[in-house]
Structure formats: C-alpha cells, structure tokens
Amino acid sequence: MRAIPLPQLNFTDVLNTCVGSISNQPLTTRLNAINPQLNNAAQDFDAKATTADLFQILPFAGADADIVSGQVTKAELKGLYTFHLVPATKPARQYYDYLMMRAPLRICPFCGFGQATTLDHYLPKAKFPLLSVHPNNLIPSCADCNKGKSAGIAVTKEQQSIHPYFDQAHFINDQWLFAEVIETSPATIRYYAQAPANWSTDDQTRISNHFDEFKLAQRFCVQAGDELSNLRGELEIDFQVSQQAGVESALRKKYIGASLQHVNSWRTALYQALAGSNWYCSGGFK
Ligand SMILES: [Zn+2]
C-alpha cells in the first residue's frame, strides 16, 4: 500500500478535452447538456472521498443501452474513457499519461510491488458511469490489482479498500502488515493484516478488506518464496562465519533497510519475521 498525492487536474478540463474529440455532433450536444450532472457527480465524489464515504454514492444498476442522465447512455459515458481518454491519438491522453506518471517508480499503490501499467477506476465505470473520466477516480494500478480485485461494490464504510489519493497517513505510516515463518522444509511465509489497536474499528476492518480484496496474502507469498530461495546461499555464508548470531544480524539489517523505505511492504514483514525466528536463524533457512 502506497500513497499518491492528489492529482492536480481540473475535472472540467479533462471532461471538455474528452468531449472535444468526439466527432459525432449529436452525442457532443447530449453530453454538453448533462455537463452540470457530470460536474455534480465529480464534486460529490471529492467531498465523500475526503471523509471516506464513497460507499454512499449509489451505483447505476442499468445496462449499457440504458440512460444514465439526460439522454446519455451508460455505454456512451464509458466510451468517454475508452475512446477519448485512453487512445494515444486523442488529446485527452495527456491526462492519462499524467495520472500514470504519478505512481512513484511506477509501483502500483494497491499492492506496493507490481508495475503500474493501467488506470484503475476506484469506483468502476460500469457501475458509476458519470465518474468514468474523473481524474480523482483514476488510479495507476498493476494488471493484477486492476483485474483481480473482487467485483463487489462497498456498501459500508469498512468494506472500502484504501484510496491512495485520499486516505489517511496512518494506513501508510503505522505497521499493519505482518508475516510469520512456517517451519516447513523449505521454510514458507504466511502474511496477515493486523491493524494497531488504537485505530478505529472501521479502519481496522478496512485494512483487512483491502488485504483480502487484492489477494495480498497469496501474492506476497509468491514474492517471499523467490526471496527465500535467493537468501539460502547468502545466509549459509553468514552461518559459517558467525553461526546463528551472524544470520540474525544479516536479516535484521535487511529488515531495518526495508522498513525505512516502506513500513508495510512484503519485504519489511518478511525480514521482520525471519530475523525474529529462532528456528529459521538457527538453520531453518537451509
Ligand atoms: Zn498492484
């Protein structure tokens, strides 16, 4: 989980640039006629996002051919994104590229390790078509986080995953991601989410939901498995030189280095667990 500063984009600029590249004049007219509704939806999104109340926005239940507002269908609103924001040849692509570049080192903010290769609609455009090109609803994401997340819509505050632009710093700065060493041969790792007890109950449940929704336990486990097999040879040398104490000290250094970067990364939790495991340090690593 990583935070990204709120994009400095004006919704009206993005919308007008998308609408401006439509060649079908009747569609342009119909979209311009619902400009107030589109702006209201964006303003409502921003207000609710700042208090983590996006779940209060009601989803649109209709099909692609159904009218969402005025005389504009759901398919036409989704098309604003697909045909006028995404294609490299369209002028609004500049906003797509700007949003993609906001992910530091191109790392996906939802999982903290995948490469951000796409924009994710925090509120999916299929259910919230008025928000299909709202920049604050568009978050750089890796393909696994974008495609793999559950299709369910949050209907309570605690069901909402973390929003990288809006959510509070404690989701980033307080440790909630932990791991434990499973004493198998070779060793394996189990990841779990455990929020600090002083967080609100809503926030404690939200971080667990975020962890489950993006299937982080399984995906972190794959990363850790690779790391553990790479570590084996290195720790063998530490062990030969200074036995268990040498292994512990090497792992502790890696833990401190990782935690200075990101408190809640799979690597931080991994090294914290490994350095704290007597079994692993005394030979379980072999
Ligand atoms: Zn991801």
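Two strands pair if DSSP finds at least two bridges between them. Helices (H or I, at least four residues) and strands (E, at least two) are themselves DSSP runs, numbered from the N terminus.

The structure on display is a predicted model, in which local features need pLDDT of at least 70 and side-chain atom pairs count only at pLDDT 80 or more, while totals for chains, interfaces and linings use all residues. Residues are numbered from 1 along each chain as its sequence is written, and side-chain values use heavy atoms, with hydrogens and water left out.

**The whole protein**

The protein has 11 helices and six strands, and its C-alpha atoms fill a box of roughly 75 × 40 × 30 Å along the principal axes. Of the 286 residues, 48% are buried. Here buried means under 20% relative accessible area, exposed means over 50%, and partly exposed lies in between (1.4 Å probe, protein chains only).

**Strands S3 and S4**

Select strand S3 (118–121) and strand S4 (138–141). These two strands pair in the antiparallel sense over four bridges, and Leu119 stands opposite Pro140 in S4. Within S4, Leu138 and Pro140 point one way and Ile139 and Ser141 the other, and all are buried.

Next, select His134, in the loop between S3 and S4. Is His134 buried or exposed? His134 has a relative accessible area of 2%, so this residue is buried. Its side chain and that of Asp46 are joined by a polar contact of 2.8 Å. A polar contact is a pair of N or O atoms within 3.5 Å; within protein, one must be able to donate a hydrogen and the other to accept it, and residues adjacent in sequence count only if both atoms are side-chain atoms.

Rolling a probe the size of a water molecule over the atoms shows where empty space is left. On a 1 Å grid over the protein atoms alone, a cavity is a set of points where a 1.4 Å probe fits but cannot get out; a pocket is an open set with protein on both sides within 12 Å along at least five of seven lines; and lining residues have an atom within 4 Å of a point. Grid points are joined across faces, edges and corners, and a volume is the space filled by probe spheres set on the points.

Of its 26 lining residues, the closest to the centre are Asp120, His121, Tyr122, Pro124 and Lys149. Which element gives the largest share of this lining? That element is S3, with four residues.

Two cavities of 30 Å³ or more are found in the whole structure. For the largest, of about 50 Å³, select lining residues including Tyr122, His163, Asp167 and Arg206. Its lining has five nonpolar, two polar and two charged residues; Ala, Val, Leu, Ile, Met, Phe, Trp, Tyr, Cys and Pro count as nonpolar, Asp, Glu, Lys and Arg as charged, and the others, Gly among them, as polar. The second largest cavity contains about 40 Å³, and among its lining residues are Met1, His163, Asp167 and Phe171.

**The hairpin of S5 and S6**

Move to strand S5 (residues 177–182), which runs antiparallel to S6 and is joined to it by six bridges. The two form a hairpin with five residues between them, and Phe178 stands opposite Tyr192 in S6.

Most residues other than glycine have a negative phi, and most peptide bonds are trans. In the loop between S5 and S6, select Pro186: the peptide bond from Ser185 to Pro186 is cis, with omega near 0 degrees.

The structure holds eight aromatic pairs. Rings of Phe, Tyr and Trp (its six-membered ring) pair if their centres lie within 6.5 Å; planes under 30 degrees apart count as stacked, over 60 as edge-to-face and the rest as tilted. Select Phe110 and Phe214, a stacked pair at 4.8 Å centre to centre with 20 degrees between the planes. These residues are 104 apart in the chain, and both are buried.

Finally, select Lys215, in the loop between H8 and H9. Lys215 is not a glycine, yet has a positive phi of about 50 degrees. Its relative accessibility is 37%, so Lys215 counts as partly exposed.
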